[in-house]
Amino acid sequence: MAQNTVEKTPVTLLGLGAMGAALARTWLAAGHPVTVWNRTPARSAPLAAEGAKAADGAAAAVAANTLVVVCLLDDASVEETLAGVDLAGRDLVNLTTGTPAEARARAEWARERGARYLDGGIMAVPPMVGVPEAGGYVFYSGSRELFEQYRETLRVPLGTTYVGADAGFAALHDVALLSAMYGMFAGAAHAFALIREEDIDPASLAPLLADWLVAMAPSVHQTADRLRSGDYTEGVVSNLAMQVAGTPTFLSTAEQQGVSPELLAPYFALMRRRLSEGSGEEDLTGVIDLLVRRPASPRSS
């Protein structure tokens, strides 16, 4: 057992919220020596009882190991926690949720202090940590060398997906996927609102709704292909003109059911705008160009 522990990469973990504690426990269970620190010392005690070394402060925790994983509340917390801490020679893996711009600035900040940097976007909730079949993973971006060196250690709690040398790409992928998730939640909320006052059991709609969303999911591949080619019309079955013509039915139904259209109306407005500016024969991909705050590149529509 002792030999196995020695062979495992030692890890320092800063931040013991629900996610940080789950990460620490998974590394401990896999035999990694783990040093932990948290602003509230009491949170370190349970992990110390399970074999972790509780550091007296962030500086001591960072000094303990080369690999330092940060899982704090936000970027400001990272700044505050590591202010004045010697990072020279350390490998900093930041799993704190933030924006792409914050990740890029933090990468430069780490470089200036003599540390290598890897940013991470966690696509999981704490109960998924250490449970491979749950499918959780982390987007990583930044130093490819650092990622490859610690790949096996990083994949112990959650799967790993490297998305590029640009330190901001992990956060960008994270927010992109979560944005799509909230869009799905918005659509589902509108669907349930439509039946809310009717004699329809929500539990009977749920499997129909879930199956429908699954059936629609492959359309993202078609959208990606059209964005790459610049041709928004090839192979289109339900064109923009037809879909815009159908939107009054959705709005009228919402009004008749006493449901606010505020989740659907902005998207329908973009559809109408795209139709007025482009071709009715394309699909909905052109809406993306309206969302980007710069002139879109010429399209063969």
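## Cavities and a pocket

The structure contains 2 cavities of 30 Å³ or more. A cavity is a set of points, on a 1 Å grid over the protein atoms alone, where a 1.4 Å probe fits but cannot get out. This is a predicted model, in which local features need pLDDT of at least 70 and side-chain atom pairs count only at pLDDT 80 or more, while totals for chains, interfaces and linings use all residues. Residues are numbered from 1 along each chain as its sequence is written, and side-chain values use heavy atoms, with hydrogens and water left out.

**Stop 1: the whole protein.** Show the cartoon: the protein has 13 helices and 8 strands. These are DSSP runs numbered from the N terminus, with helices (H or I) of at least four residues and strands (E) of at least two. The C-alpha trace spans about 70 × 50 × 35 Å along its principal axes.

**Stop 2: the largest cavity.** Select Asp 75, Asn 94, Thr 96, Thr 97, Gly 98, Thr 99, Glu 102, Ala 103, Tyr 117 and Asp 119, which line the largest cavity; lining residues have an atom within 4 Å of a point. Its volume is about 60 Å³, where a volume is the space filled by probe spheres set on points joined across faces, edges and corners. At least two lining residues each come from α6 (100–112) and β6. The lining has 2 nonpolar, 5 polar and 3 charged residues. Here Ala, Val, Leu, Ile, Met, Phe, Trp, Tyr, Cys and Pro count as nonpolar, Asp, Glu, Lys and Arg as charged, and the others, Gly among them, as polar.

**Stop 3: the second largest cavity.** Which residues line the second largest cavity? Select Leu 23, Trp 27, Leu 95, Val 138, Tyr 140, Leu 154, Pro 157 and Leu 158. The volume of the second largest cavity is about 40 Å³. α2 (18–29) and β7 (137–142) each give at least two residues to this lining, which divides into 8 nonpolar, no polar and no charged residues.

**Stop 4: the second largest pocket.** A pocket is an open set of points with protein on both sides within 12 Å along at least five of seven lines. The second largest pocket holds about 580 Å³ of space. It is lined by 31 residues, of which Met 19, Cys 71, Leu 72, Leu 95 and Thr 97 are the closest to its centre. Now colour β6 (116–123) and α8 (169–195), the elements that give two or more residues to the lining of this pocket. By class, the pocket lining has 16 nonpolar, 11 polar and 4 charged residues.
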